[in-house]
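Subject: Structure handover

Hello,

Here is the structure for your files. My notes on it follow below.

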Amino acid sequence: MELSPGLTYLLGVFPRFAIPSIITYLSLYLLEKREISVGIPSWAAVILAVFARPIILVFGYYHSIWADKRAAAANNAVLAPPLPKSQQAIISELGWNTRHGHPGQVMHQWTQEFGNVVRFNILTSSAMITVEPEHVKAILATQFDSFEKGPVFFSQAHSLLGEGVFNSDGEMWKFHRAMTRPFFTRERITDFEIYDRNWNISLQIAKERLAEGFSLDIQDLISRFTLDSATEFLFGGEVGSLSAGIPYPPSHKERNSSLFYNHPSTSFINAFTESLSVVLERTNLGKEWPLWELKSDKITPLRRIIDGFTDPLLKKLSTPKARSFRLLLRFVTDTGLNLDPKILKDELINLLVAGRDTTMCLLTYAVYMLAEHPDIEKRLREEIFTKVGPTEAPKYDQMREMRYVKAFLNALEFDPDRFLDERVQKYLVPNPFIFCPFNAGPRICLGQQFAYNEATFYLVRLLQNFTEFTLDNSINVARPAEWNSGDSRMAKETIHPTAHLTMFVKDGLWIKMKELAISEV
């Protein structure tokens, strides 16, 4: 029987708490036995023994502060200012942000109020937040090896991500990067047959739903497109999540078919999303997170559902005829390493996070911006029709020529032109890693070009077939009222973006759109 994270944690820390207490009590007891009076009654000796470890913790806390100050002075450095909030307030605010806030809202407010760099404690864990550009540059690029994810995050994410690329450092991280790299050769990422096949299925689903007079959750549709495309591209397996269809609006959920509810991909998506949310909850609780899971590991039953979905993919991947297997076999042969099936399964889960969620988020927000900026929709379509045409599927060389499309996908503060005018030299060249949807430096996404190609392909086909994108805000979850004050970016949101390990729109992005008539082409 596997112990819960909470019991495992308590068993691990018990010796650290028990040994100082035992030593304290025995020392006092032996002193009394040798008639060396210390003037401490028995009841006081018991109290001292019980509180020996907490006293050591308090002493260690203040000693670490002193040691940090001394090390800073020796290196001519300055310590980051402490966050002037109680630990209870910090944990409460982080929890609120997870459930109701804009992604990063609380931490953004802290840096706005208290400076670009702040530090704080969560129980016995120390943390620091920095938005200083030079610090970001050091973390992602110039001093990359000095900033590992570390054992605390590994423990928080292990029951979901195992030892995959997103949950490893050092040699294991390098191993995963090297193992994954052969999948993203130019020959492979420019093969758009997979995109085209899955796009045609999603196109038919969208047309049928709109013809019924209902709004559609474009986020769900895109997530199924990216899931099917990623699994087929990476593992040669067809999971057919698009065949399950997409949900009807909540007020008409009785129309959802049994196939939609019972399809393995639906169970996988629900379990996957819930697992990622649990990992986020754990990160808010520091290294003592197991104490909130005393009865059982919250992710373990969800991981069983996920494994039930991915195990067939592994079986297909392991057949000698599978192209992906041949790539892995070549890598293993060249490096002389053994390919542990568990590590392979963990990596599959990690790649599905990237292959489904990141591109899904990028495309979902792209559609949101189309609805909010009709003028940009028109400009995008003009470039698409000029470079590709109104009906043909885009080719790799044509994608490279669509500069405005790429600028549209890249914009964080939504202004695509900043990637095209003189501002690209002023702001982006010195710090290019800050303005990239796919990270940067040594951790730059290996599938970046694959994701760009997939997102561009979908966007091109979408704008070749639909126009007049409008948000159905009778269904979309509205932003909380608290967002109306503070950061202007939050006040502009008409939907509720949220995040776990990746970003998404809470309860979907429900839209209406009109089929593009031939006369409009």
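A term first: buried means under 20% relative accessible area, exposed over 50%, and partly exposed in between (1.4 Å probe, protein chains only). The model is predicted: local features need pLDDT of at least 70, side-chain atom pairs count only at pLDDT 80 or more, and totals for chains, interfaces and linings use all residues. Residues are numbered from 1 along each chain as its sequence is written, and side-chain values use heavy atoms, with hydrogens and water left out.

Overview

The chain has 521 residues, and 46% of them count as buried. Its secondary structure comes to 22 helices and seven strands. These are DSSP runs numbered from the N terminus (helices: H or I, at least four residues; strands: E, at least two). The accessible surface is about 26800 Å² (Shrake-Rupley method, 1.4 Å probe). Carbon and sulfur atoms hold 58% of that surface. A contact means heavy atoms within 4.5 Å. Among contacts between residues at least 6 apart in sequence, 71% join residues at least 24 apart.

UniProt, in an unreviewed entry, places "transmembrane region" at residues 6-31 and 43-62. Such annotations may be inferred rather than shown by experiment. Residues 43-62 are 95% helix and 0% strand in the model, and the end C-alpha atoms of this span lie 28 Å apart.

Sheet

An open, antiparallel sheet has three strands in the order E3-E7-E4. Strands pair if DSSP finds at least two bridges between them. E3 (216-217) and E4 (466-471) are the edge strands, each pairing on one side only. Two bridges join E3 to E7 (residues 510-515). Leu216 stands opposite Ile511 in E7.

Cores

A nonpolar core is a set of buried Ala, Val, Leu, Ile, Met, Phe, Trp, Tyr and Cys residues joined through side-chain atoms within 4.5 Å. The largest has 87 residues, and Ile218, Phe469 and Met513 touch the most other members. Helix H16 gives the most to this core, with 17 residues. Another core, of nine residues, lies apart from it and includes Ile90, Trp110, Val118 and Phe120. Leaving out residues up to four places away in sequence, the contacts of Phe469 include Val367, Leu370, Leu462, Ile511 and Met513.

Helix H19 (residues 403-410) is largely enclosed by the rest of the structure, because six of its eight residues are buried. Among the buried ones are Tyr404, Phe408 and Asn410. Their cover includes helices H16 (341-372), H17 (374-387) and H21 (448-465).

Salt bridges

There are 19 salt bridges. The criterion is a side-chain nitrogen of Lys or Arg within 4 Å of a carboxyl oxygen of Asp or Glu.

- Lys174 and Glu171 meet at 3.7 Å, N to O. They are three residues apart in helix H8 (residues 170-180), about one helical turn. Lys174 is partly exposed at 45%; Glu171 is exposed at 61%.
- Asp346 and Arg303 meet at 3.3 Å, N to O. Asp346 lies in H16 and Arg303 in H14 (residues 300-317), so the pair ties together parts 43 residues apart in sequence. Both are buried.
- Arg381 and Glu377 have their closest N and O atoms 2.9 Å apart. Both lie in H17, four residues apart, and both are buried.

A network of salt bridges with shared partners joins Arg303, Asp307, Lys342 and Asp346.

Best wishes
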